[in-house]
Amino acid sequence: MAAEAPGYVQPSPVQLHDDLGGVTFMLSPESFFQVNTPQAERMLDLIRQELDLQPGERLLDAYSGVGSFALPLAHGLTEVVAVEENPKAVADGVSCLPYN
């Protein structure tokens, strides 16, 4: 239906917000996010403990989705590389950077 048709309402983009590991994520329906937040928090704690990341180190997060692990783990690191093939997930991860 054309935007100028009578009665047409342009749908606004759907965006969900969720917090994980001290980071607020803004999510579109097409991107991947750990929907079981309590379990994702446990996994994040386990990853932090096992990696024992130190300031100045680098991190690679493969299959990162919106950065569910990369962003909460990034504090103090020299570089974080998040690899994701879904452009919507990449855009969502990038869009939340200024707010965190």
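Reply: Helices (H or I, at least four residues) and strands (E, at least two) are DSSP runs, numbered from the N terminus. Val83, for instance, sits in strand S4 (residues 79-83). This is a predicted model, where local features need pLDDT of at least 70, side-chain atom pairs count only at pLDDT 80 or more, and totals for chains, interfaces and linings use all residues. Residues are numbered from 1 along each chain as its sequence is written, and side-chain values use heavy atoms, with hydrogens and water left out.

Me: Why does Val83 count as partly exposed?

Reply: Buried means under 20% relative accessible area, exposed over 50%, and partly exposed in between (1.4 Å probe, protein chains only). Val83 has 43% relative accessibility, so it counts as partly exposed.

Me: Which residues of strand S3 lie on the covered face, and which on the uncovered one?

Reply: In a regular strand the side chains alternate between the two faces of the sheet. In S3 (residues 58-62), Leu59 and Asp61 make up the covered face, while Arg58, Leu60 and Ala62 are on the uncovered one.

Me: How many bridges join S3 to S4?

Reply: Two strands pair if DSSP finds at least two bridges between them. S3 and S4 run parallel, joined by five bridges, and Arg58 has Glu79 as its bridge partner in S4.

Me: What about S1 and S2?

Reply: Strand S1 (residues 16-20) runs antiparallel to S2, again with five bridges; Asp19 has Thr24 as its partner in S2. Their hairpin has two residues between the strands, and Gly21 takes a positive phi near 60 degrees. As for cover, four of the five residues of S2 (residues 23-27) are buried.
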